[in-house]
Structure formats: C-alpha cells, structure tokens
Amino acid sequence: MLHDLFPLWIALCANALAQVIKPFIYYYRSGKFDIHYTIACGGFPSSHTSTVTALSIAVGLVEGFNSTLFAITSVFSVIVIYDAVNVRYYAGKNIQLTQQLVSDLAEMIKLPLDDPIYHEKMKQVLGHRMIEAVGGFVLGAVLTVGVAFILGIF
C-alpha cells in the first residue's frame, strides 16, 4: 500500500516542504519574516516544480522509467514547469506593467480613474524565474530519491 501511494504522498510532501521553505528564503533575502509566503505563489523554490518533479520521479521508481505512466507524468511535468516559468511569470509582469501605466496616466494627465477596476488589487507574482524552478526541481528530486532510498522503494 505504501509503495502504491508513494507517488501521491511524496508529491504532496514536496509541495508542502517547498511552501514551508519560502518564508525562510524570504527572511534570508530581506531580513523580514513573513509567514504568508507559505501560501504565496511564486518565490523560491517553486512548489509547482517540486511537486511535479517528485511525482514523475516517484512514478518512475514505482512503475518503471520505461512505463507509459512515467511518460505521461513527465510530459505533464514539463507543461507545468514551462507554464510556471513562462506563461504565469509573464502574466505577472504584464500585471505590473499595466498597474504602472494606469498609475502614470492618473498622475501625469490627472485622468480621473473612477471605475473600480482601476483600484482592484491584483497579485503581481504569479510565476517563477528559472532559478526558482531549478530550486523546485532539485528539492523534488532530492526529497523523492532520498525518501525512496530510506524506505527501500528502489
């Protein structure tokens, strides 16, 4: 049973561990501790990347690295990581740019922005820089292989 569910619980553990690490990394970089980083999108390490990496490696260890299921989870992982690093990252950058343009318009030409859409607070950090995804990949891989070795799964 433990062997069969290993991919599920190691993926969930990799996700949780990545999220728990984020406030400490933020503290190291800024000198401020913010517990909200445990539920934040973005940041180091990428919990999306650590989760799908752990899932793929665990499936490979349990089902075999030449199995169809490993191939499926690997393709899924590449899509998720690509999305986190590219699509979601640039969506966040687009939000930052749009908010700055609205602010500049309001300030420079005294344009009254009465519509509530202009005052809506949007999350700016949605995705990851490449180094954050690499950190998530390493976390997911090391955690999965380490726990699998300890449990004798391979």
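Visitor: Where in the protein chain is confidence lowest, and where is it highest?

Guide: This model is predicted, so each residue carries a confidence score called pLDDT, from 0 to 100. Confidence is lowest in helix 3, residues 68-108, with a mean of 82. It is highest in helix 2, residues 47-63, with a mean of 97. For the protein chain the mean pLDDT is 87. A score of 70 or more is reached by 88% of its residues.

Visitor: How many helices and strands does the protein chain have?

Guide: Count 4 helices and 0 strands. Along the sequence, the pattern reads α-α-α-α.

Visitor: What share of the contacts links residues 24 or more positions apart?

Guide: Take the contacts in the protein chain with a separation of 6 or more. Of these, 72% join residues 24 or more positions apart.

Visitor: Is threonine 51 buried or exposed?

Guide: The general idea is a cut-off: buried means under 20% relative accessible area, and exposed means over 50%. Threonine 51 has 18% relative accessibility, so this residue counts as buried. In the protein chain, buried residues make up 36% of the 154 residues.

Visitor: Now helix 3. Is isoleucine 72 buried or exposed?

Guide: Isoleucine 72 lies in helix 3. Its relative accessibility is 51%, so isoleucine 72 counts as exposed. Valine 59 is 13 residues from isoleucine 72 along the chain, and their C-alpha atoms are separated by 9.8 Å.

Visitor: And valine 78: buried or exposed?

Guide: Valine 78 is also placed in helix 3. With a relative accessible area of 56%, valine 78 is exposed.

Visitor: Which residues form a nonpolar patch on the surface?

Guide: Look for Met130, Ile131, Val134, Phe137, Val138 and Val142. Together they have about 570 Å² of accessible area. Take valine 134 as one of them. Valine 134 sits in helix 4, residues 130-151. Its relative accessible area is 40%, so valine 134 is partly exposed.

Visitor: How should I read charges?

Guide: Side chains of opposite charge can pair when their charged atoms come close. Here the count comes to 1 salt bridge.

Visitor: Which residue forms a salt bridge with glutamate 132?

Guide: The partner is arginine 129. The closest N and O atoms of the pair are 3.3 Å apart. Glutamate 132 has 6% relative accessibility, so glutamate 132 counts as buried. Arginine 129 has a relative accessible area of 40%, so arginine 129 is partly exposed.

Visitor: How far is lysine 22 from the nearest side chain of opposite charge?

Guide: That side chain is glutamate 132, 7.7 Å away.

Visitor: Where is lysine 22, and which residues is it in contact with?

Guide: Lysine 22 belongs to helix 1, residues 2-30. Set aside its neighbours within four places in sequence. Lysine 22 is then in contact with several residues, among them Tyr37, Cys41, Phe44, Pro45 and His128.

Visitor: Is the peptide bond from phenylalanine 44 to proline 45 cis or trans?

Guide: To read a peptide bond, look at the omega angle. The bond from phenylalanine 44 to proline 45 is cis, with omega near -5°. Proline 45 is in the loop between helix 1 and helix 2.

Definitions and conventions: Residues are numbered from 1 along each chain as its sequence is written. This is a predicted model: local features need pLDDT of at least 70, side-chain atom pairs count only at pLDDT 80 or more; totals for chains, interfaces and linings use all residues. Side-chain values use heavy atoms; hydrogens and water are left out. Helices (H or I, at least four residues) and strands (E, at least two) are DSSP runs, numbered from the N terminus. Patches are made of residues with over 30% relative accessible area and no salt bridge: like charges are joined within 9 Å, nonpolar side chains (Val, Leu, Ile, Met, Phe, Trp, Tyr) within 5 Å. Accessible areas come from the Shrake-Rupley method with a 1.4 Å probe; for residues, only the protein chains shown count as cover. A salt bridge is a side-chain nitrogen of Lys or Arg within 4 Å of a carboxyl oxygen of Asp or Glu. Buried means under 20% relative accessible area, exposed over 50%, partly exposed in between (1.4 Å probe, protein chains only). Lys and Arg count as positive and Asp and Glu as negative; His and the chain ends are not counted. Contact means heavy atoms within 4.5 Å.
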